[in-house]
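Student: I'd like to learn how to read a model like this one, feature by feature. Can you walk me through it?

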Amino acid sequence: MKFSIIGTSWITELFIKATQQTGLTTLHSVYSRKEKSAREFAQKHGAMHWFTDMADMLADNETNFVYIASPNSFHFEHTMKCLESGKHVFCEKPLVFTEKQWGKVKHKADELGLYVFEGYRHLFSPNYHTLKSELKKVGKVRSAMFQYIQYSSKYDRFKNGEEPNVFTKEFAGGALMDLGVYPLSMTIDLFGEPQEIHYFPVHLSNGIDGSGTLILEYGEFNVTILCSKIAQATIPSEIQGEDGTWTMDHISPIDKLTFYDRKTKNTNEFAEEQEDVDMIYELNAFINMINQKDKASYELWMERSRQVAKWTEIARKKQGILFPGE
């Protein structure tokens with residue numbers, strides 16, 4: 001298979017590295033609005049073609065799928081253009097920022113027999129699969145706390161008066177959309193849809209959420225999610241049940257995964273060594289889905305994407321955090 005890319009940031013570099021390590025697909029072309037960026041990125045990574053006109057890139061029939069890593073606010077538009085050109089799509093999170101947009105993407109993909117994949121690499125890693133398969137060890141779940149608190153490399157620029165994309169409503173940035181969707185997608189994948197959601201953001205001077213706390217109600221337990229781009233955490237995440245507790249050093253990736261058994265008072269480590277470039281796992285899942293025409297997995301993963309879009313939209317709008325077009 002051959003692929004094209006939209007976006008030339010560090011995450012695209014990692015994706016290309018993953019494709020090189022797996023050997024499952026080859027970079028064919030690069031799109032960037034700036035000619036210099038497109039040309040230099042293509043030359044650096046051995047792409048045969050580079051474009052500054054997206055329509056020209058998408059008209060190339062040699063490309064099987066497009067990897068999208070443009071700013072958040074462009075994901076929906078770029079995904080639709082790729083689908084309309086007959087290309088499968090691997091889009092970095094968030095795929096969309098409203099449930100209505102999700103519906104349009106799903107309809108177009110189904111209409112054309114194409115596959116769309118949202119890049120949640122943490123949900124495809126071996127250690128996460130272990131957590132999910134062994135979750136029952138905690139017994140009845142009584143509470144959970146997931147955190148993704150990471151000081152952004154671009155926050156200092158914001159404090160100096162600039163407005164990087166990830167700190168603007170114009171580009172659908174902020175703590176919830178950039179980091180909070182990681183633990184939120186994990187919560188929904190583990191426990192399903194919540195009954196209710198509440199978001200308590202910490203607004204920066206331009207109204208964007210620099211950090212925030214999500215509370216998801218599940219009836220017999222609640223999940224608390226802490227997300228921030230303006231601080232750095234040192235605490236783990238936990239799932240607490242009547243019989244024990246799962247502890248994770250981080251959400252993405254999980255490098256340490258321990259279970260404390262309340263009855264025996266024993267603590268055991270369950271994590272295994274994983275690939276340094278953990279995008280390999282989601283890339284394998286995406287390519288296998290296409291090659292095997294795995295509609296069952298596709299429907300399952302797209303439904304998870306719908307739920308994440310739905311609940312982030314509800315949480316945002318309760319706090320008046322609106323993005324372009326809303």
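Student: Is Arg 306 buried or exposed?

Tutor: Arg 306 counts as buried because its relative accessible area is 14%. Buried means under 20% relative accessible area, exposed means over 50%, and partly exposed is in between, with a 1.4 Å probe and protein chains only. Keep in mind that this is a predicted model, where local features need pLDDT of at least 70 and side-chain atom pairs count only at pLDDT 80 or more, while totals for chains, interfaces and linings use all residues. Residues are numbered from 1 along each chain as its sequence is written, and side-chain values use heavy atoms, with hydrogens and water left out.

Student: Which side chain does Arg 306 meet in a salt bridge?

Tutor: Start with the general idea: side chains of opposite charge can pair when their charged atoms come close. The rule here asks for a side-chain nitrogen of Lys or Arg within 4 Å of a carboxyl oxygen of Asp or Glu. For Arg 306 the partner is Glu 303, at 2.7 Å from N to O. Both sit in helix α10 (residues 295-318), 3 residues apart, which is about one turn of the helix. Helices (H or I, at least four residues) and strands (E, at least two) are DSSP runs, numbered from the N terminus. Glu 303 is partly exposed, since its relative accessibility is 28%.

Student: What about charges on the surface: which residues gather in a patch of negative charge?

Tutor: A patch is built from residues with over 30% relative accessible area and no salt bridge; like charges are joined within 9 Å, and nonpolar side chains (Val, Leu, Ile, Met, Phe, Trp, Tyr) within 5 Å. Lys and Arg count as positive and Asp and Glu as negative, with His and the chain ends not counted. Each charge is placed at NZ of Lys, CZ of Arg, CG of Asp or CD of Glu. Here the negative patch consists of Asp 255, Glu 273, Glu 275 and Asp 276. Take Asp 276: you'll find it in the loop between β14 (267-269) and α9 (279-291), and it counts as exposed because its relative accessibility is 77%.

Student: Now strands. Which way do the side chains of β6 point?

Tutor: In a regular strand the side chains alternate between the two faces of the sheet. In β6 (residues 116-119), Val 116 and Glu 118 point one way, Phe 117 and Gly 119 the other, and all are buried. Two strands pair if DSSP finds at least two bridges between them. β6 runs parallel to β5 (residues 88-92), joined by 4 bridges, and Cys 91 stands opposite Glu 118.

Student: What does β9 pair with?

Tutor: β9 (residues 209-217) has 7 of its 9 residues buried. It pairs antiparallel with β8 (residues 196-203) over 8 bridges, and Pro 201 has Gly 212 as its bridge partner. It is also antiparallel to β10 (residues 222-228), with 7 bridges; there, Leu 214 stands opposite Ile 225. In the β8 and β9 hairpin, with 5 residues between the strands, Gly 207 in the turn has a positive phi of about 90°.

Student: Which residues other than glycine have a positive phi, and where are the cis peptide bonds?

Tutor: Most residues other than glycine have a negative phi, and most peptide bonds are trans. Among the positive cases is Ala 172, with phi near 55°, in the loop between α7 (155-159) and α8 (175-191). Ala 172 is buried, because its relative accessibility is 0%. Lys 265 has a phi of about 65° and counts as exposed at 54%. As for cis bonds, one joins Lys 93 and Pro 94, with omega about -10°, and another joins Ser 252 and Pro 253, with omega about 0°.

Conventions
Accessible areas come from the Shrake-Rupley method with a 1.4 Å probe; for residues, only the protein chains shown count as cover.
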